[in-house]
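Please examine the structure shown below and follow the explanation alongside it. The discussion begins with the ligand and then turns to other parts of the protein.

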Amino acid sequence: MKHLISARGLEATPTVAILDTAMDMVDVRTREVKKLPTLRGKTVANVFFEDSTRTRLSFEAAALALSADVTTFTTQGSSVSKGESLKDTLQTLEAMGADFIVLRHPHSGVASTVVNSGWVDAHIINAGDGTHEHPTQALLDAFTMRSRLRGENARGSNLAGISVVIVGDIFHSRVARSNALLLRTLGATVTLAAPQTLLPREIDSWGAAIVSTLDEAIDLQPDVVMTLRVQRERMTSGFFPSESEFTQLWGMNDSRLRRLPPTSIVMHPGPMNRGLEISGSVADSPQSTVTEQVANGVAVRMAVLYTLMGDSR
Ligand code: NCD
């Protein structure tokens with residue numbers, strides 16, 4: 001594997017291997033010297049054409065923990081405002097020595113366009129392309145589910161027997177698509193809960209069951225409820241009648257949490273709209289994995305960089 005563009009292309013065996021490597025990286029992060037020399041002399045360029053807190057800092061921390069040099073490019077203050085193309089921007093970064101390009105872009109499909117174009121030789125990692133995919137988020141979510149729900153038995157295992165509900169703004173969510181695809185590959189059962197207007201058109205190809213309210217989904221007693229941010233910035237018109245109706249039908253709150261088995265977990269990729277798709281008390285409850293997902297993200301991205309490094313064809 002030279003690039004990581006989409007969860008669709010990932011098979012179970014290499015995915016489980018990445019999750020196992022991430023377990024080793026968690027160990028590295030708890031040692032006194034929290035670094036490995038693996039990427040010494042290599043440069044990771046974070047290229048972010050869209051805002052990000054977690055993903056950018058997480059890739060930065062992961063690259064530094066593997067002893068890479070890191071350069072960060074954000075559109076604000078760059079020559080993109082002077083009309084410089086994506087091709088020229090990427091070739092400029094590669095000319096400065098980038099071995100890995102971690103790319104976030106508002107247009108769906110950009111990461112695979114870059115790989116197919118041959119513009120650069122660097123490893124390309126898709127850190128979110130429009131409403132399409134965000135494969136490292138799906139990997140860190142799978143890692144979080146596996147360690148929370150399997151504990152000691154996590155290593156080597158897939159997610160067979162684990163049931164996951166993904167709820168809310170699925171239409172605009174690259175996190176939902178990458179998760180649905182990867183979870184299926186790993187043997188989990190996926191149910192989607194969303195208003196009709198927030199389901200993508202090609203939903204049938206995801207291999208997931210669909211229910212129309214979160215209450216119906218809770219009745220299934222899932223192991224995981226994955227909440228998603230309502231992406232107001234991508235909404236051009238009213239996708240649901242009102243925010244209070246959304247919260248009532250699809251928001252994760254205390255009473256819904258109480259109806260779940262005590263071992264079930266509630267996830268959110270962040271950033272959260274507290275009080276809209278998830279209540280503050282659920283977000284801060286022991287069953288919430290929000291900050292654990294962030295911590296695991298660094299180890300999983302270390303594992304991804306490490307794995308891609310091994311394939312320099
Ligand atoms: C997500 C993203 O940017 O795709 N966040 C993240 O990477 N942690 C989800 C979102 O923006 O809602």
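A polar contact is a pair of N or O atoms within 3.5 Å; within protein, one atom must be able to donate a hydrogen and the other to accept it, and residues adjacent in sequence count only if both atoms are side-chain atoms. With this definition in mind, consider the ligand: one of its nitrogen atoms is 3.0 Å from a polar backbone atom of Pro269. The protein covers 94% of the 310 Å² of accessible area that the ligand has on its own, where accessible areas come from the Shrake-Rupley method with a 1.4 Å probe and, for residues, only the protein chains shown count as cover. Side chains take part as well: a polar side-chain atom of His134 lies 2.8 Å from an oxygen atom of the ligand, and an N or O atom in the side chain of Arg104 is 3.2 Å from a ligand oxygen atom. The residues around the ligand (those with a heavy atom within 4 Å of it) include Arg54, Thr55, Gln137, Arg174 and Gly270.

Two remarks on the source are needed here. This is a predicted model, in which local features need pLDDT of at least 70 and side-chain atom pairs count only at pLDDT 80 or more, while totals for chains, interfaces and linings use all residues. Residues are numbered from 1 along each chain as its sequence is written, and side-chain values use heavy atoms, with hydrogens and water left out.

Helices (H or I, at least four residues) and strands (E, at least two) are DSSP runs, numbered from the N terminus. Helix H1 comprises 19 residues, 12–30, and at 1.5 Å a residue it should span 27 Å; its end C-alpha atoms are 28 Å apart, which agrees. The expected span is 1.5 Å times one less than the number of residues. Among the buried residues of H1 are Val16, Ile18, Leu19 and Met23; buried means under 20% relative accessible area, exposed over 50%, and partly exposed in between (1.4 Å probe, protein chains only). What covers the buried residues of H1 includes helix H5 (135–150), helix H6 (174–185) and helix H11 (290–309).

Asn296 lies in helix H11. At 9% relative accessibility, Asn296 counts as buried. Leaving aside residues up to four places away in sequence, Asn296 is in contact (heavy atoms within 4.5 Å) with Phe143, Thr144 and Ser147.

Rings of Phe, Tyr and Trp (its six-membered ring) pair if their centres lie within 6.5 Å; planes under 30 degrees apart count as stacked, over 60 as edge-to-face and the rest as tilted. A search of the whole structure finds 4 aromatic pairs. In one of them, the ring centres of Phe49 and Phe73 are 5.5 Å apart and the planes stand at 50 degrees, so the pair is tilted. Phe49 lies in the loop between strand E1 (43–48) and helix H2 (54–65), and Phe73 in strand E2 (residues 69–74), so the pair ties together parts that are 24 residues apart in sequence. Phe49 is buried at 14% relative accessibility, and Phe73 is buried at 15%.

The pair of Phe171 and Phe239 is also tilted, because the ring centres lie 5.7 Å apart with planes at 35 degrees. Phe171 is partly exposed, with a relative accessible area of 26%, whereas Phe239 is buried at 15%. Finally, ring pairs link Phe240, Phe246 and Trp250 into a cluster.
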